[in-house]
Amino acid sequence: SKLARWQSIAESAAKQSGRTVIPEVKAVMNFDDALKYAETLDVLLVPYECADSLKKLREKIDGLKTGMSAGIFIGPEGGYEEKEIEKAKEHGGEIVSLGNSENGNCGNCFSFNMYVQHRSEFIRNNSMLPIDFTKRMKELLGEEYGNFEASYSEDPVRSFRINTNKISKENFEKINPFGGEKIPYAENGFYFSGDGIGNHPYHHAGMIYIQEPSAMAAVESVDIQPDWNILDLCASPGGKSTQAASQNPDGVLVSNEIVPSRCKTLTGNIERMGFQNVITTCADAKRIAALYNEAFDLVIVDAPCSGEGMFRKDENVQKEWSVENVLHCAERQRDILDKIKTTVKPRGLLLYSTCTFSLEENEKNIDWFLNENDNFELIEVKDSVKKFTADGIMFDGCNEKNISRCRRFYPHV
C-alpha cells in the first residue's frame with residue numbers, strides 16, 4: 001500500500017541521516033496529534049496534494065509560537081511539477097530537499113528530527129475532522145481508531161435497492177446495467193460505482209432506489225410481516241419507508257415528515273416507487289401520537305441527529321458539528337421517543353436508528369428510554385445484520401444489561 005511504502009522510505013531515510021522517526025507513521029494521524037510534537041519538530045512535512053491548506057496549517061503552527069515550519073513532502077507516487085511548486089509557494093509552503101534518492105523518491109526530505117505524515121482526510125478535501133470529534137471517537141474505538149479514520153480517505157460506498165413493487169429481483173438481474181456486488185444483509189441491495197445512476201430511466205421509473213448500505217441495515221434488522229401497520233416517523237427522503245413498504249404488501253404504512261418541503265420530496269419518492277398502501281403525512285410526533293394510539297406493529301424512528309456518519313458525504317455536516325449540537329440532538333431524540341411510544345401496539349416493535357456515532361444519541365438514549373419505560377425491552381436484530389455490525393457499547397452508569405444488543409455500523413468494519 002502507499003502508506004507502507006511511505007513508512008519504509010521514512011524509516012530508511014531517518015536511519016541514513018541518524019535521525020528518528022515517529023514509531024507509528026500513519027496516514028491518518030490527526031492534526032492535533034501532530035501538534036503535540038511541535039516543540040521537537042524542525043519541519044512538519046505535508047503531502048503536496050494539500051498545498052491549498054498550507055496557509056491554514058502554517059497559521060495554526062505559528063499560533064503555538066514554536067520553531068516548527070510547514071514543508072512539502074514528495075510521496076513515492078511522483079515528483080513535483082512547476083505548477084505545483086508555485087501553488088505551494090502561493091499558500092505559504094516551503095519547498096524542502098528536492099534532491100532524489102536512489103529509488104527516484106525524495107529521501108532527503110526526511111533529514112529532520114521526526115517525520116509526520118499528515119492524515120489522509122486532510123489530503124482528501126483540505127479539511128480536518130473536528131478535534132473534539134476525534135477525541136471522542138478515540139475513546140470509543142481505542143486501537144480501532146486508526147482504521148476508522150483511514151476510511152475517511154476512501155470514497156463513500158454507494159448502493160441501490162431493487163424496488164420489487166415494480167420488478168422482481170430475478171427479472172432485474174437479467175437487465176441490470178450497473179453491475180455490482182450484492183449487499184449480504186439486504187435482500188434486494190447492490191453496491192455500485194460510477195456516476196449518473198440517478199438520471200437513468202430505471203431510477204426515474206421507480207425500479208431502483210439509491211440508498212447507502214448502512215441506511216438499509218435498520219429496516220433489515222426486523223422480520224417485517226406482510227400485513228403489518230407501520231409508522232415511519234421521520235421519513236424523508238423515503239428510503240426506509242419504501243424499503244419497509246416493499247416487505248409489507250398487505251399492510252398499511254404511514255410515512256411522516258414534519259418539514260413541509262421535505263415532505264414534498266418524500267411524497268414524490270413514494271409516488272415514483274408506485275406504492276399504493278402508503279400514506280404520507282406532515283405532522284410532529286405529538287400530533288401523530290394523538291391520532292394513532294397503539295396503532296402500529298412497527299414504529300420506525302430514524303431520528304434527526306448530529307450526522308457524524310455523514311462526514312464523508314456532506315462536508316457541511318462536518319463543519320456544523322459540535323459537542324453542544326450532539327447534546328441538543330440527544331435531548332430532542334428523547335423528546336421524540338417519549339411522545340411516539342404510545343403509538344406502538346402491545347407486543348409491537350419500536351425501531352430506533354441514527355446516522356451518528358455518539359453514545360449520547362445512541363446507547364445512552366436507549367438506556368434512558370428503557371429505564372423510563374419498563375413495558376419495553378431490548379431485543380436482538382436479525383442474524384444477517386448482526387453479522388456485519390458491532391455490538392453496542394457498555395458505558396459507565398448504564399443500567400441496561402443487554403445494551404450490546406444495540407448495533408453499530410462503522411465504515412471500517
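Trainee: Why is Asp391 called partly exposed?
Mentor: In this predicted model, Asp391 has a relative accessible area of 43%, and because partly exposed covers what lies between under 20% for buried and over 50% for exposed, Asp391 is partly exposed.

Trainee: What makes the pairing of Arg407 with Asp391 a salt bridge?
Mentor: The closest N and O atoms of Arg407 and Asp391 are 2.7 Å apart, and a salt bridge asks for a side-chain nitrogen of Lys or Arg within 4 Å of a carboxyl oxygen of Asp or Glu, so the pair qualifies. The pair links distant parts of the chain, with Arg407 in strand β12 and Asp391 in strand β11, 16 residues apart.

Trainee: How do you know that Glu380 and Arg405 form a salt bridge?
Mentor: Their closest N and O atoms are 3.6 Å apart, which is within the limit of 4 Å, and therefore the term applies. This pair also links distant parts of the chain: Glu380 is in the loop between α16 (363-372) and α17 (383-386), whereas Arg405 is in the loop between β11 (390-391) and β12 (407-408), 25 residues away.

Trainee: Why do Glu380 and Arg405 both count as partly exposed?
Mentor: Glu380 has 39% relative accessibility and Arg405 has 24%; because buried means under 20% and exposed over 50%, both residues are partly exposed.

Trainee: What makes Glu380, Lys386 and Arg405 one network?
Mentor: They are joined by salt bridges that share partners. The structure holds 12 salt bridges.

Trainee: Why is the contact of Asp335 with Lys339 a salt bridge, and how are the two residues placed in their helix?
Mentor: The closest N and O atoms of Asp335 and Lys339 are 3.1 Å apart, so the pair meets the cut-off of 4 Å. Because they are 4 residues apart in helix α15 (residues 323-340), about one helical turn separates them. Asp335, at a relative accessible area of 36%, and Lys339, at 33% relative accessibility, are each partly exposed.

Trainee: How do you know that the span of α15 agrees with what a helix should give?
Mentor: The 18 residues of α15, at 1.5 Å a residue, should span 26 Å, and the C-alpha atoms at its ends are 26 Å apart, so the two values agree.

Trainee: Which residues of α15 are buried, and what puts them on the same side of the helix?
Mentor: The buried residues of α15 are Val326, Cys329, Ala330, Gln333, Ile336, Leu337 and Ile340. They cover an arc of only 125° around the axis, and therefore they lie on the same side of α15. Glu324 and Glu331 are exposed on the other side of α15, while the cover over the buried residues includes α6 (131-141), β6 (229-232), α13 (285-291), β9 (296-302), β10 (344-353) and α16.

Trainee: Why is Asn163 called buried?
Mentor: Asn163 has 1% relative accessibility, and because buried means under 20%, the word applies. Asn163 is in the loop between β3 and α8 (169-175), and, not counting residues up to four places away in sequence, Asn163 touches Gly206, Met207, Ile208, Met273 and Phe275.

Trainee: Is Val157 buried, exposed or partly exposed, and what places it there?
Mentor: Val157 has a relative accessible area of 42%, and because this falls between the cut-offs of 20% and 50%, Val157 is partly exposed. Val157 is in the loop between α7 (145-150) and β3 (158-162), and, leaving aside neighbours within four places in sequence, Val157 is in contact with Tyr191, Pro213 and Arg312. Val157 and Ser193 are 36 residues apart in sequence and 8.1 Å apart in space, C-alpha to C-alpha.

Trainee: Where should the model not be read in detail, and why?
Mentor: The protein averages a pLDDT of 78, and 69% of the residues score at least 70. However, pLDDT stays under 50 over residues 17-55, and over residues 87-127 it is below 50 as well. Where pLDDT is low, the predicted coordinates should not be read in detail.

Technical notes. Residues are numbered from 1 along each chain as its sequence is written. This is a predicted model: local features need pLDDT of at least 70, side-chain atom pairs count only at pLDDT 80 or more; totals for chains, interfaces and linings use all residues. Side-chain values use heavy atoms; hydrogens and water are left out. pLDDT is the predictor's confidence in each residue, from 0 to 100. Contact means heavy atoms within 4.5 Å. Buried means under 20% relative accessible area, exposed over 50%, partly exposed in between (1.4 Å probe, protein chains only). The expected span of a helix is 1.5 Å times one less than its number of residues. The arc is that of the directions from the helix axis to the C-beta atoms.
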